[in-house]
Amino acid sequence: MDIGLTHYLVLSVLLFGVGLYGVLSRRNAVVILMCIELMLNAANLTLVAFSRYIFFYGQAIVIFSLVIAAAEVSVGLATIITFYRQRKNIDIKNINLLKW
Amino acid sequence: MNLDLLRPEICLAVTAIVVIAVDLFFRHKLLVTITSIVGLLVSFGMAISLIGSHELSVGNGLFILDNYAIYFKFLFLGIACLVILASTDYVKRLQNLHGEFHALLLTATLGAMLTATAQDIIAMLLSIELTAISLYALVAMLKNSKSSESAVKYLLLGAVNSAILLFGLALVFGFSGSTSLLDIAQTVSSIQVGNIADNAGLIFGLVLILAGFAFKIAVVPFHMWAPDVYEGAPTPITLFLSTVSKIAGFSILVRFLLTGFSLPESLSNNWGVILAVVSAITMTAGNLLALTQHNIKRLLAYSSIAQSGYMLIAVATMGIGSFHTISSSSLLYYLTAFAVAEVAVFTVIIIASKHKDNDDIADYAGLAKQSPLLACAMTLGLLSLMGLPPLVGFMGKLYVFSQAVQHDLLWLVIIAVVNSVISACYYLKIIRAIWVDAPASADNIRSSFAPKAVLLIACAGILLFGILPSILISGTEWGADLISGIWEFFR
């Protein structure tokens, strides 16, 4: 069996779905951040697959998206630390001050 | 590379770094504010010097310079200047984060300006993220429990949103073969009518990207973050989120759809109808949810969701009609009118919140007796948002609705007019509290000169552009010229 573009695309859609499921079902803010990384990496995998099989320069976008992911995680962890200092935990079931 | 055409942006980036250095070495708060204002004004001057230049490809095709981009540069720089002036008193609450506040506000503005000029997938992604990441940090800046909670919400939902956006962009890149919107337009326009199902990957990518933009402009069903974040964020940042961040979302939404996906016509009709339906749902949901709110920032968040619905009418008109220029001019008019009114309303909240413990509407009872200037500005802003003649909001609504009627969207206009009536209930609720109810205390509300000047500028804008709309319309018609580039390209 030849592994082609379609296989990579299906894999990346599955990865994206696993990440999205994690975001929706997990309670710990850091784990949610990890699941978001999974979603971003699914997009990166799509780009790399396209650049391997069709258009060479898709790889360049991956470098940019890695930088964005790193920046987002660093700001994200800092934000979660400020939240931790207020509430003494990072369980998102405690995010309940602001509603409706 | 002709990067000199990006000189307003480069100037703003340099200013942000200088502001951090000034804060580090001089520790002088007034100096930081003055530096950022001077940087914004210099950048504004550089944007003026760009008037008349028209370049399809700036920086190897990453950016485009047309009247549309320049119009948004003026708008963003103006609003950022007003936000910084309005928050001169408020920033004292941020203790030692004075420099960071200004630097991050400048980088967020820079991101918004780049968003309006981007015409390449990579540039779009980077500039949207620049605005978003700066705002995550700004929202958390008060460091109390409400602010940090809203920051965590904004961050987690915003990060999911950028993953969705990136996935959509990856699919569009893969199935069209290019990162440039002009090349994507060429691939898309060659799709045969009735053959759209063969390009399912491309259409799926387009849908994901539209979901990503819908989050930025807070339309239903991607609006849930807005009320929480608006309520918890520092009030100047709420103003910035509801104006600059939202307008930047609209600028890139319109450019993306009109440049990349306006041909073939069956496709643009499809997204036009989808956006019309989304717009009807958005304004109805926003207005109905606003009716029951007690917190003024939360109420204004729902009101701004409803306003996004009115703005989407103009975007839907662009998809359905073939005559884009006047429709985009009406959108620019509405965005400007909305921004001026929001500046007036939120500046009043910024000044008054020094004296009120929280932002409940009941706390604004008798504001007219405590400070007539604040009460007048708030009333003008709210009436303009409501769409009462002769204020600028009325002209904006008239302009957008008349365009929609000409393009067979009468049903949407009827829904919008009914919604305007519903919205009067909650806007008038605030106005009644201000003028009729008795104040809790008789002491006057004081503020320094800069926020008052912002109020006067905003009120003057609301009245002037409302009574003499031709001044602003000549500007928006000049700025609406964005589609011409793609016709040149195809020729």
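**Briefing on chain B**

Chain B contains 20 helices and two strands, where helices (H or I, at least four residues) and strands (E, at least two) are DSSP runs numbered from the N terminus. This is a predicted model, in which local features need pLDDT of at least 70, side-chain atom pairs count only at pLDDT 80 or more, and totals for chains, interfaces and linings use all residues. Residues are numbered from 1 along each chain as its sequence is written, while chains are lettered from A and ligands numbered from 1 in the order in which they are written.

**Overall dimensions and packing**

- For 491 residues, a compact globule would have a radius of gyration near 23 Å, and the 22 Å of chain B agrees; the radius is taken over C-alpha atoms, and the globule rule is 2.2 Å times the number of residues to the power 0.38.
- Along the principal axes, the C-alpha atoms of chain B fill a box of roughly 70 × 55 × 40 Å.
- Of the 491 residues of chain B, 62% are buried, meaning that 20 or more other C-beta atoms, placed from the backbone, lie within 10 Å of the residue's own.

**Helix α5(B)**

- Helix α5 of chain B covers residues 121–139 and spans 27 Å from its first C-alpha to its last, close to the 27 Å expected at 1.5 Å a residue (1.5 Å times one less than its number of residues).
- Because 17 of its 19 residues are buried, α5(B) is largely enclosed by the rest of the structure.

- B:V58 stands opposite B:F63 in β2(B).
- Four residues lie between the strands, and B:G59 in this hairpin takes a positive phi near 60°.

Conventions. Buried ≥ 20, exposed ≤ 12 C-beta atoms within 10 Å, placed from the backbone. Pairing = 2+ DSSP bridges.
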